[in-house]
Amino acid sequence: MTFKENARLDTGQVRSGGGGGGRRGGGGMAAGGGIGGIILLVLFMLFGGNLGGGGGGGGGGAAASPWNFSAGEVSAEGDSSGDFSHCQTGADANEHRDCMVIGTVNSVQDFWSTAWSQYEPAQTVIFSGVVNTGCGTANSQVGPFYCPLDQQVYIDVGFFDQLQQMGGDGGSLSQMYVVGHEYGHHVQNLNGVLGRAQQDPQGPESGAVRVELQADCYAGVWVAHADGTRLGREDEAILEPVTQEQINSALTAASAVGDDRIQEQMQGRVTPENWTHGSSEQRQKWFMTGYESGDPNQCNTFSGDLG
């Protein structure tokens, strides 16, 4: 989506974290936050991965990522500098990826604050390298994630390069979808649904898959209302109306992070019994369910066929 050039951004909803000195290969997440924290991070990342050993069901020590993800070399536009003084307007959000994340956070949180009286704002941490979280220590390899123990979203904007390599088309909404998905997990945490992922952590009909698909659906619901979001009621809207081309862009990202696609790329075969996030087709379907309905109540992935 495109930000209105004169729209105001609120950098107070984000903070910087981490540093460029972190490891770029090998280890993924230290056990500093305890095994429980590692398990939570496994389940609430954007894409699947066995970060804790035992398929997300346990395991201690450092965790490994299935991705050879090398992020952080994106500082030409200030994307990972931790200084957000250049992120003041929608024009800045259209130019810089860290400002785009900030504008998206502003929009997503305005929507949920308006749509649900019990919504509580969550901060996003934009980091590079290694970052300390309430769920343990993570590095850029794990991709974007939500930590329910400190109720914060963590994003290294370098992931958007990796997302494009995975099959996303690099469009703005393919990247903003990532933010909307992670805030979907925050909503699930607030309404008590998020824990279902740990109760049933793997398989095509598992609680984990149902949790992830609902977060995709919630991202679609936000997109349906995004052009009406604003910082204050007297402010202009943050975003221009979404176009079909931009919806198609988001769908490329949803497809890129499907379990079947990732498994085919990484191991040359698809093993549904190990799914934690759902297939490419399912992720696209539930994003569109949210977008076409514009209704969070239509995002009940916990009953019936997932499609």
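Me: Which residue in β5 does V130 stand opposite?
Reply: In this predicted model, V130 stands opposite N139 in β5.

Me: How do β4 and β5 pair, and over how many bridges?
Reply: Strand β4, residues 123–133, and strand β5, residues 136–139, pair in the antiparallel sense over 4 bridges.

Me: How many residues are between them?
Reply: There are 2 residues between β4 and β5, and the two strands form a hairpin.

Me: Let me step back. How many helices and strands are there in the chain?
Reply: The chain has 10 helices and 7 strands.

Me: And what percentage of the residues count as buried?
Reply: The chain has 307 residues, of which 57% count as buried. As for its surface, the chain exposes about 11,000 Å², and carbon and sulfur atoms supply 44% of that area.

Me: What share of the contacts with a separation of 6 or more comes from residues 24 or more positions apart?
Reply: Such residues account for 73% of the contacts in the chain with a separation of 6 or more.

Me: Now the disulfides. How many does a search of the whole structure find?
Reply: The search finds 3 disulfides. A disulfide is a covalent bond between the sulfur atoms of two cysteines. With bonded cysteines counted along the chain, the pattern is 1-2, 3-4, 5-6.

Me: Where are C87 and C99?
Reply: C87 and C99 form a disulfide with their sulfur atoms 2.0 Å apart. This pair links distant parts of the chain: C87 lies in the loop between β3 (63–64) and α2 (90–95), while C99 belongs to helix α3, residues 97–115, and the two are 12 residues apart.

Me: Why is that disulfide of C87 and C99 called left-handed?
Reply: The torsion about the S-S bond of C87 and C99 is about -75°, so the disulfide is left-handed. Both C87 and C99 are buried.

Me: What about C135 and C147, is their link left-handed or right-handed?
Reply: The link of C135 and C147 is right-handed, with 95° about the S-S bond. This pair also joins distant parts of the chain, since C135 is in the loop between β4 and β5 and C147 is in strand β6, residues 145–147. The sulfur atoms of C135 and C147 are 2.1 Å apart, and both residues are buried.

Me: And how many residues apart are C217 and C299?
Reply: C217 and C299 form a disulfide with 2.1 Å between their sulfur atoms. The two cysteines are 82 residues apart, C217 in helix α7 (residues 207–225) and C299 in the segment after α10 (280–293). C217 is buried, and so is C299.

Me: Changing topic: which residues touch the most other members of the largest nonpolar core?
Reply: V101, Y177, W222 and F287 touch the most other members of that core, which has 64 residues. Helix α7 gives the most to this core, with 10 residues. In soluble globular proteins, nonpolar side chains tend to be buried together.

Me: What is V101 in contact with, leaving aside its neighbours within four places in sequence?
Reply: V101 is in contact with T124, I126, I155, V157, F160 and V179.

Me: Which residues does the second core include?
Reply: The second core is separate and has 9 residues, F127, V142, F145 and C147 among them.

Me: Which residues of helix α9 are buried?
Reply: In helix α9, residues 259–267, the buried residues are D259, I262 and Q263. Seen down the axis of α9, these buried residues fall within an arc of 100°, so they line one face of the helix.

Me: What covers them?
Reply: The cover over the buried residues of α9 includes α8 (244–256). Just after α9, G268 takes a positive phi of about 75°.

Me: What is the phi of Q151?
Reply: Q151 has a positive phi of about 55°, although it is not a glycine. Most residues other than glycine have a negative phi.

Me: Where is Q151 found?
Reply: Q151 is found in the loop between β6 and β7. At 30% relative accessibility, Q151 counts as partly exposed, because that category takes in values between the 20% and 50% limits.

How values were computed:
Residues are numbered from 1 along each chain as its sequence is written. This is a predicted model: local features need pLDDT of at least 70, side-chain atom pairs count only at pLDDT 80 or more; totals for chains, interfaces and linings use all residues. Side-chain values use heavy atoms; hydrogens and water are left out. Buried means under 20% relative accessible area, exposed over 50%, partly exposed in between (1.4 Å probe, protein chains only). The arc is that of the directions from the helix axis to the C-beta atoms. Contact means heavy atoms within 4.5 Å. Two strands pair if DSSP finds at least two bridges between them. Accessible areas come from the Shrake-Rupley method with a 1.4 Å probe; for residues, only the protein chains shown count as cover. A disulfide is a pair of cysteine sulfur atoms within 2.5 Å. A nonpolar core is a set of buried Ala, Val, Leu, Ile, Met, Phe, Trp, Tyr and Cys residues joined through side-chain atoms within 4.5 Å.
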